[in-house]
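The following exercises concern a single model. Please examine the sequence and the structure before working through the solutions.

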Amino acid sequence: RNPHDALWYNSITREAVDTGAIESSAMSRGKGCWVQDASGTWYLDARAAMWNTTLGYDAERVVEAMTGQLRRLPVAQIIRYEEPSDVALEYARRLVDTLPDPLNHVRFGSTGSQMTTAAVLLSRFVRKVAGQTDRTKVIAFTNGYHGTGGIAGALTGERQMHALQAPLVPDVHHVKPWNLEALAKTVERHGPEHITAIIVEPVMGTDVLAAPDGALRHIRDLCDRHGIHLIADEVTTGFGRTGAMSVMADNRVLPDLLVLGKGITSGYFPLAALVCTDALFDEAISRPEYVFPHGCTADGHPVGMAAGLAVLDELADGSLFGHVRAVGEHLRQRLREHAATTALIHDVRGAGLMIGVELRDGDERPGAASMAEVRRACQEAGLLLTTTNSTLVLMPPLVLTETEADELVKRLVGALDDVAAARS
Ligand code: PMP
């Protein structure tokens, strides 16, 4: 029996299970930026597992830290009482030390979805403490991705996800990406006094849409004018993905709430974090008469804390950030050279090793079926990547070398040429 019959995932089809078509792509080993499937074929992983294994598949320092922690204190709690693990205390301090003041207080969870949800709940909690009980609305961008289920799913701009959640979609309203005029109008329409927060991804992972120059500052000013909290979701962009610890900090535009995940442990342990400012901490969290009613069993898991510390050690001297900027620029340059000769490539954009390659079928957006075809051609060429309805999203491990970047381009362009040839 095909094991894929038991393991259920989003893109599975009965036909693929019955014909065994997907069995050969089960992965069994990884090294650097490469993964090997059960039949022995190596793939260049330009999606870094799920955009998270920033240090690649053999980050020895992270493995050592995690196994050491497993032997010392493998489990601890953090949510309710006052005995967190020593490693959680140390990691919290080290993590906030990497961020500018006043982002000085952190809470841990297991997933980005859990922490974007916690960000909204914390924003509303602060309002409640301040007696502003009708400040509940949140504004997000349509192409944004902030997770799945409940509030996180409502923040995410996907209609399919909202349809599943209806009629329980909380008070979230969406605006087209980086349309600042529409954002200001939406704030006015809903009444700024009813809006608790605006959530942004400084570079949106879906389609790789970076905030235009000045946009983050503009949104920060809008929030300040109306007393709205700014939530920055840096689950994807944080920990070096764009060549900086945090895009917001790099732009000197600080949010009230910062959500981190993915690269936080290089994906070696499910860990995410919510960082807030001194002001929010003092106004609400630290008040003895109020308890923030949110938290899950594995929050602040000591093995995740140990992995997080090892990742900070790897990033500490900043050399990886410089590497990401240089290799990312090289990769974009090479892709642009090919864009001139490969009819399918319409645009190459991004920051650091977060790169979008937008495709066009003549004047049309290719759509889901064409993009699946391209993804399959890439897989046959030994290249793994994620796609949206029009864009190839490249987020390889940050340790990608220039030679590997050239190999990535070679495989990608070869796959696009194969698709074009099959059509003509
Ligand atoms: N925010 C962003 C920007 C993300 O890219 C993701 C995951 N792709 C999430 C939140 C949700 O994180 P998780 O999948 O860990 O719940």
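**Exercise 1.** In which loop does Ser266 lie?

*Solution.* The model is predicted: local features need pLDDT of at least 70, side-chain atom pairs count only at pLDDT 80 or more, and totals for chains, interfaces and linings use all residues. Residues are numbered from 1 along each chain as its sequence is written. Ser266 is found in the loop between strand S11 (257–260) and S12; helices (H or I, at least four residues) and strands (E, at least two) are DSSP runs, numbered from the N terminus. Next, consider the backbone: phi of Ser266 is near 55 degrees, a positive value in a residue other than glycine. Most residues other than glycine have a negative phi. Finally, Ser266 counts as buried because it has 29 C-beta neighbours inside 10 Å. A residue is buried if 20 or more other C-beta atoms, placed from the backbone, lie within 10 Å of its own, exposed if 12 or fewer, and partly exposed in between.

**Exercise 2.** Determine where Trp51 lies and whether it is buried or exposed.

*Solution.* Trp51 belongs to helix H2. Its phi is near 65 degrees, again positive in a residue other than glycine. Trp51 has 21 C-beta neighbours inside 10 Å and therefore counts as buried.

**Exercise 3.** Describe how the buried residues of helix H4 are arranged.

*Solution.* Begin with the span: H4 (residues 86–97) has 12 residues and reaches 17 Å from its first C-alpha to its last, close to the 16 Å expected at 1.5 Å a residue. The expected span is 1.5 Å times one less than the number of residues. Then list the buried residues of H4, which are Val87, Ala88, Tyr91, Ala92 and Leu95. Seen down the axis, these buried residues fall within an arc of 135 degrees, so they line one face of H4; the arc is that of the directions from the helix axis to the C-beta atoms. The face turned away from this buried side carries the exposed residues Asp86, Arg93 and Asp97.
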